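Dear colleague,

I am handing over the structure we spoke about, and my notes on it follow below. Please read them with the model open beside you.

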Amino acid sequence: MSNKPMPLATAISAPFWDGLKAGKILLQQCNSCQQWTFYPRRHCSHCLSHELSWREVDGRGTLYTYTVARVPTLPEFAGPEPQILAVVELEQGVRLNTTLVGLQPEALKVGMALKPVRARVKEDGTVLLRYTSVDVDLIELDEVLKAPPQPSADAGPAKRKIDVKDIEALKALVSETFSDWSSQVLVDQSLINDFAALSGDDYWIHTDPERARKDGPFGGTIAHGALVQVLMSRMQVPLDFEVTGFNNMVNYGSERLRFPSPVPAGSLIHARSRVKSVEVLPRGTQMVMEINVHVVGQERPAVINDLVILYM
Ligand SMILES: [Zn+2]
């Protein structure tokens, strides 16, 4: 899940964030007492002077303390776990909160030497400062979530062809076991905005990230349930059979449609399915496929759809 809050620069802190975008680490130093201050402030935290200057530093420091978060500290900070949350003491004496990367928890030692890692977290070039050991070969990370490549239509296992008149073979497909996972689809804010415009459902919980972060229950915007449901068509579930020999195949609707958990903007989703039932009815042969869509890594489905397919 990814709905992570991004830094909001203020007039006072903007030089720090702009510096990171430009590849520099800037800290405030007091012109009166020469001490350093962090986080960015209007006054020196030692002598209260307002005479502060931004100066570039190399960002090196030592591990002051840390904790290993094996569950997300807040829903919007989920994944990937575990996260090593740390306080780093810079050579200038200031301490900053950060995340350690490229290190196993067992390798951590209070006082160890650390160096900064620039992590690009947004298309606009926003950078967060992470840290790693001076011995690790890492200076930059690209953490911008991207849509994964889609497999070609004929990728996947060879399909067993089953004639629609072979009811016994169709009934043998009924199973409690789900297929493997489908390809993944990125549900980002622009896709959600497009669906809001198309459907007319532009409720703020979908379309207003600022308000959704402040007033909403999910720490940010979420996708429409109906959007996640229709994205099924973009995900290729690796089924090992193909029904043949029919004149017409129609989507006859759904026997059950539920949205048990939200899909935050910026999530990757995937799906899996199983054949739930096969019945011969006067209108045709009816197959119910249970399709579950999940946010990648989440156990609880975001959509459960018992899709009714009618072969005629
Ligand atoms: Zn001072």
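**Pro-148 and the loop around it**

Pro-148 counts as partly exposed, because 13 C-beta neighbours lie inside 10 Å of it. Please keep in mind throughout that this is a predicted model. The residue belongs to the loop that runs between β9 (140-142) and β10 (160-163), and although Pro-148 and Gln-298 are separated by 150 residues in sequence, their C-alpha atoms are 18 Å apart in space.

**Overall form**

The domain assignment divides the chain into domain 1 (14-142) and domain 2 (160-311), and the C-alpha centres of domain 1 and domain 2 are 41 Å apart. Of the 312 residues, 24% count as buried, while 63% of the contacts with a separation of 6 or more join residues 24 or more positions apart. The secondary structure comes to 6 helices and 16 strands.

**An open sheet**

Five strands form an open sheet in the order β11-β14-β15-β16-β13, with antiparallel pairing. The edges are taken by β11 and β13 (249-258), each of which has a single partner strand, so that one side of each is left without a neighbour in the sheet. From one strand to the next the twist averages 35°. Within this sheet, β14 and β15 pair in the antiparallel sense over 12 bridges, and Ser-273 has Ile-291 in β15 as its bridge partner.

In soluble globular proteins, nonpolar side chains tend to be buried together. Here the largest nonpolar core has 20 residues, of which Val-187, Ala-223, Val-228, Val-263, Ile-269, Val-293 and Ala-302 touch the most other members. At least two residues of this core are supplied by each of β11 (185-187), α3 (189-199), α6 (225-230), β14 (267-281), β15 (284-295) and β16 (303-311). If residues up to four places away in sequence are left out, Val-187 touches Ile-192, Ala-223, Val-228, Val-263, Ala-265, Ser-267 and Ile-269. A second, separate core consists of 11 residues, including Tyr-66, Ala-86, Leu-100 and Tyr-131.

With best regards

Note on methods. Residues are numbered from 1 along each chain as its sequence is written. This is a predicted model: local features need pLDDT of at least 70, side-chain atom pairs count only at pLDDT 80 or more; totals for chains, interfaces and linings use all residues. A nonpolar core is a set of buried Ala, Val, Leu, Ile, Met, Phe, Trp, Tyr and Cys residues joined through C-beta atoms within 7 Å. A residue is buried if 20 or more other C-beta atoms lie within 10 Å of its own, exposed if 12 or fewer, and partly exposed in between; C-beta atoms are placed from the backbone. Helices (H or I, at least four residues) and strands (E, at least two) are DSSP runs, numbered from the N terminus. Two residues are in contact if their C-beta atoms, placed from the backbone, lie within 7 Å. Domain bounds come from an automatic or database domain assignment. Two strands pair if DSSP finds at least two bridges between them. Axes are lines fitted to C-alpha atoms, for helices over the stretch in contact, and angles run from 0 to 180 degrees between N-to-C directions.
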